[in-house]
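Here is a short briefing for a first look.

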Amino acid sequence: GKYYDLSAPEALRLAVEEGNAEIHRKGQANEDFYNMGTTCSVLTLMPQGALIAHVGDSRIYRIRDNQLEQLTFDHSLVWEMRASGSLSAEDDRKNLIPRNVITRSLGPYREVRVDLEGPFPVKKGDIFLVCSDGLTGQVSDDELGPLMANLPVREAARVLVDLSNLRGGPDNITLIMVKVLDDAMASATAENSRPIKIGARDAAINPLSIGMLAIFALATGVLALMSRELFPAAIPGVIALGSLVWIIVQWSRGLSGGVVMSSGQRFGKAPYTRTSSVSGKPVVDKLEEITGELQRAAADGKWPIDWDKLNRLVEKAAQSTSAGDLATAIRCYARGISFLMDELRQQARREASNTAPDEAPGG
């Protein structure tokens with residue numbers, strides 16, 4: 001509620017800037033945390049659409065109409081050089097520039113520049129993904145789209161983390177997925193949606209002013225009826241009139257000043273990338289290969305797993321691939337991978353408990 005009287009874009013920007021100032025202050029106060037930094041990506045769903053505040057190389061994606069769109073710009077050296085035209089296609093292809101060097105983050109400096117993107121219209125069926133580079137460093141957009149599009153959000157989130165772990169993700173893997181399930185969550189139409197107004201405080205009328213107007217207006221009426229002279233009713237009447245004027249002033253403040261964003265007007269230049277989320281054979285082949293490697297590891301390690309369940313998933317995936325039903329194949333292989341990863345974790349816990357030193361007898 002700190003910025004309740006500001007527009008959503010202004011409030012988001014100030015909140016992120018305030019977070020940066022606090023991180024910077026803690027970093028300066030403790031030498032162990034000196035120059036610490038982090039990234040920030042904020043997704044807000046409003047009646048006017050989806051609004052984003054962003055700093056760093058974490059990302060926000062949206063899937064709509066078989067397209068995976070990246071709605072944030074990576075504040076990384078590679079992306080900045082691409083945007084400025086100083087990175088050749090050949091150098092980009094050869095990965096000569098480290099991709100984990102970021103150019104903007106929260107914390108290292110007292111002030112930070114926050115990117116705003118949107119608002120983007122929201123409709124039923126949209127899927128949003130907010131994630132750290134621990135995910136996107138290991139899972140490509142070509143894989144993200146089909147997995148997000150063909151699995152329920154919980155299963156998709158689970159298998160994305162599993163794939164990142166399997167590929168040795170060295171960084172934290174953080175993600176949130178949101179799917180719009182109801183028309184009630186869709187963006188309001190221009191006719192019934194309040195426009196976004198930038199640069200004007202949405203001054204609320206103080207309830208005390210309304211109370212004073214009611215009390216002194218009532219007192220004025222009572223005194224006017226009870227007294228034959230006007231003077232006794234004049235004092236509360238003046239106070240009531242002053243309260244009314246003050247209410248009008250507060251109300252008018254909310255109407256004056258600022259700039260109204262017109263329909264279709266947006267912050268930023270998103271989307272920055274577009275990738276098909278339609279199920280493709282290359283993705284199915286990758287998932288089949290990963291499943292096969294995990295199967296062999298489970299067999300070699302003699303894991304006590306439910307082989308019947310796994311074999312049913314793999315057989316259905318193979319049959320679906322042959323029939324050209326790649327969406328079902330993706331679902332089956334993804335579920336097989338997550339099943340095997342759960343078994344791998346359980347096996348690791350069993351081995352750890354078996355090798356733990358015996359507890360010393362009590363004294």
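A pocket is found on a 1 Å grid over the protein atoms alone: it is an open set of points where a 1.4 Å probe fits, with protein on both sides within 12 Å along at least five of seven lines, and its lining residues have an atom within 4 Å of a point. Grid points are joined across faces, edges and corners, and a volume is the space filled by probe spheres set on the points. The largest pocket here has a volume of about 560 Å³.

This is a predicted model: local features need pLDDT of at least 70, side-chain atom pairs count only at pLDDT 80 or more, and totals for chains, interfaces and linings use all residues. Residues are numbered from 1 along each chain as its sequence is written, and side-chain values use heavy atoms, with hydrogens and water left out.

**The largest pocket**

- The lining of the largest pocket has 24 residues. Arg59, Asp74, Arg99, Thr136 and Gly137 lie nearest the centre.
- Helices (H or I, at least four residues) and strands (E, at least two) are DSSP runs, numbered from the N terminus.
- The lining divides into five nonpolar, ten polar and nine charged residues. Ala, Val, Leu, Ile, Met, Phe, Trp, Tyr, Cys and Pro count as nonpolar, Asp, Glu, Lys and Arg as charged, and the others, Gly among them, as polar.

**Asp74**

- Asp74 sits in the loop between β4 and α2.
- Asp74 is buried, with a relative accessible area of 5%. Buried means under 20%, exposed over 50%, and partly exposed in between (1.4 Å probe, protein chains only).
- The Asp74 side chain makes a polar contact of 2.7 Å with the side chain of Arg59. Such a contact is a pair of N or O atoms within 3.5 Å; within protein, one must be able to donate a hydrogen and the other to accept it, and residues adjacent in sequence count only if both atoms are side-chain atoms.
- The side chains of Asp74 and Trp79 are also joined by a polar contact, at 3.4 Å.

**The aromatic rings**

- Rings of Phe, Tyr and Trp (its six-membered ring) pair if their centres lie within 6.5 Å; planes under 30 degrees apart count as stacked, over 60 as edge-to-face and the rest as tilted.
- The count by this rule is two aromatic pairs. Phe73 and Trp79 form an edge-to-face pair, 5.3 Å centre to centre with 85° between the planes.
- Phe73 is buried at 15% relative accessible area, and Trp79 is buried at 11%.
- The ring centres of Phe73 and Tyr272 are 5.6 Å apart and their planes are at 70°, so this pair is edge-to-face. The pair links distant parts of the chain, 199 residues apart: Phe73 is in the loop between β4 (67–70) and α2 (77–84), and Tyr272 is in the loop between β9 (259–260) and β10 (273–276).
- Tyr272 is partly exposed, at 27%.
- Ring pairs link Phe73, Trp79 and Tyr272 into a cluster.

**Helix α5**

- Eight of the ten residues of α5 are buried, among them Asp141, Glu143 and Leu144.
- Ala149 is in α5 and is partly exposed, at 37%.
- The C-alpha atoms of Ala149 and Asn66 are separated by 7.8 Å, although these residues are 83 apart along the chain.

**Helix α9**

- The buried residues of α9 include Val283, Leu287 and Ile290.
- Just after α9, Lys302 takes a positive phi of about 55°.
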